[in-house]
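Hi,

Here is the structure we talked about, ready for you to open in your viewer. Below it you will find my notes on what turned up when I went through the model.

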Amino acid sequence: MTVDPWREAREALERLARRTGRDGALDALSDIGTLRRLLDRAELEAVRDARAGRRSWAEIATRLGITRQSAWERWREIDEDGERSGTVPAPLQRAFDEAARELVAHVTVPDVVGLTWDAARLRLQEERLDIVSADPELPPFLGPEATDFRVVDQKPAAGERAAAHTAVTVWLRPGPGSAGVPAPLQPPPDPRARRGALDETTGESVP
């Protein structure tokens with residue numbers, strides 16, 4: 001006859017609850033051993049089901065209050081058994097986990113063209129991105145001197161996906177200042193586009 005493990009566990013718990021004093025101490029140890037064995041079996045089955053459900057070792061360890069390394073060392077045979085039985089192989093599971101982390105770690109680059117240095121920096125920081133000026137000769141823009149400088153181009157472009165903390169390079173040009181409304185600024189012309197052009201005043205070819 002098959003013994004119901006949960007009924008066995010309930011009976012052991014009831015005997016332990018009724019025990020008082022030193023009488024029956026050895027029987028209590030037997031019941032504790034029974035409970036430990038049943039809990040170990042239930043724990044193993046739960047871990048196996050969690051891994052089959054593509055749960056990471058970190059998630060399993062957190063629920064059990066142990067370290068990821070301890071969980072992996074104790075039940076790593078589950079992944080090896082899974083490879084032999086045709087379930088999700090451990091290398092493939094790790095690839096899934098890496099892909100998930102990579103997706104979470106990427107952000108969409110916002111559009112900062114037209115913003116001041118400080119406004120662009122704050123906007124990029126909101127998306128966990130860094131900012132760097134394309135012109136190393138410009139000042140570090142740590143004070144009011146940044147007011148008149150606005151972004152005229154950026155790379156990566158707005159809408160692109162980039163890893164968190166990627167440095168977004170911006171091109172800056174001085175605007176009209178605080179006395180008026182800044183006019184829309186365009187990216188600097190490509191020097192290659194000027195080759196072959198003629199100077200309107202002298203008629204000479206512009207190199």
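**What I found**

His 165 is exposed, with a relative accessible area of 54%. This histidine sits in the loop between S4 and S5, and its phi is positive, near 70°, although His 165 is a residue other than glycine. Most residues other than glycine have a negative phi, and most peptide bonds are trans.

Before the rest, please keep in mind that this is a predicted model. The mean pLDDT of the protein is 76, with 67% of its residues at 70 or more. Among the elements, S3 has the highest mean pLDDT (93) and helix H6, residues 90-105, the lowest (57). Over residues 177-186 the pLDDT falls below 50, and this stretch has 10 contacts in the model beyond near neighbours in sequence. Where pLDDT is low, the predicted coordinates should not be read in detail.

**Overall layout**

The protein has seven helices and five strands, in the order α-α-α-α-α-α-β-α-β-β-β-β along the sequence. Of its 207 residues, 23% are buried. The accessible surface comes to about 14,700 Å², and carbon and sulfur atoms hold 54% of that. Among contacts with a separation of 6 or more, 54% are between residues 24 or more positions apart.

Which residues of helix H7 are buried? In this helix, which spans residues 117-126, they are Trp 117, Ala 120 and Leu 124. They cover an arc of only 65° around the axis, so they lie on the same side of H7. Their cover includes strand S2 (130-133), strand S3 (149-155) and strand S5 (167-174). Just after the helix, Arg 128 takes a positive phi of about 60°.

Val 170 belongs to strand S5 and is buried, with a relative accessible area of 0%. Leaving out residues up to four places away in sequence, Val 170 touches Val 112, Trp 117, Ile 131, Val 132, Ser 133, Ala 134, Val 151, Asp 153 and Gln 154. Val 170 and Ala 120 are 50 residues apart in sequence, and their C-alpha atoms are 9.0 Å apart in space.

Helix H2 covers residues 25-52 and includes Asp 31. Is Asp 31 buried or exposed? At 7% relative accessibility, Asp 31 counts as buried, because the cut-off for buried is under 20%. Apart from neighbours within four places in sequence, Asp 31 is in contact with Ala 12, Arg 15 and Leu 16.

H2 also packs against helix H3 (residues 57-64), at an angle of about 150° and with the axes 10 Å apart. The crossing of H2 and H3 is right-handed. On the H2 side the contact is made by Glu 43, Val 47, Ala 50 and Arg 51, and on the H3 side by Trp 57, Ile 60 and Leu 64.

In the loop between H2 and H3 lies Arg 54. Arg 54 has a positive phi of about 65° although it is not a glycine, and at 46% relative accessibility this arginine counts as partly exposed.

**One more backbone detail**

Which two residues does a cis peptide bond join? They are Lys 155 and Pro 156, with omega about 0°. Pro 156 is in the loop between S3 and strand S4 (161-163).

Best wishes

Definitions and conventions: Residues numbered from 1 in each chain as written. Predicted model: local features only at pLDDT ≥ 70, side-chain atom pairs only at ≥ 80, totals over all residues. Heavy atoms only, no water. Helix = DSSP H or I, 4+ residues; strand = E, 2+ residues; numbered from the N terminus. Buried < 20%, exposed > 50% of the residue type's maximum accessible area, 1.4 Å probe, protein only. Contact = heavy atoms within 4.5 Å. Areas by Shrake-Rupley, 256 points an atom, 1.4 Å probe, with all protein chains shown as cover. Arc of directions from axis to C-beta. pLDDT = per-residue confidence, 0-100. Axes fitted to C-alpha atoms, helices over the stretch in contact; angles between N-to-C directions. Left-handed = near helix turned anticlockwise from the far one by under 90°.
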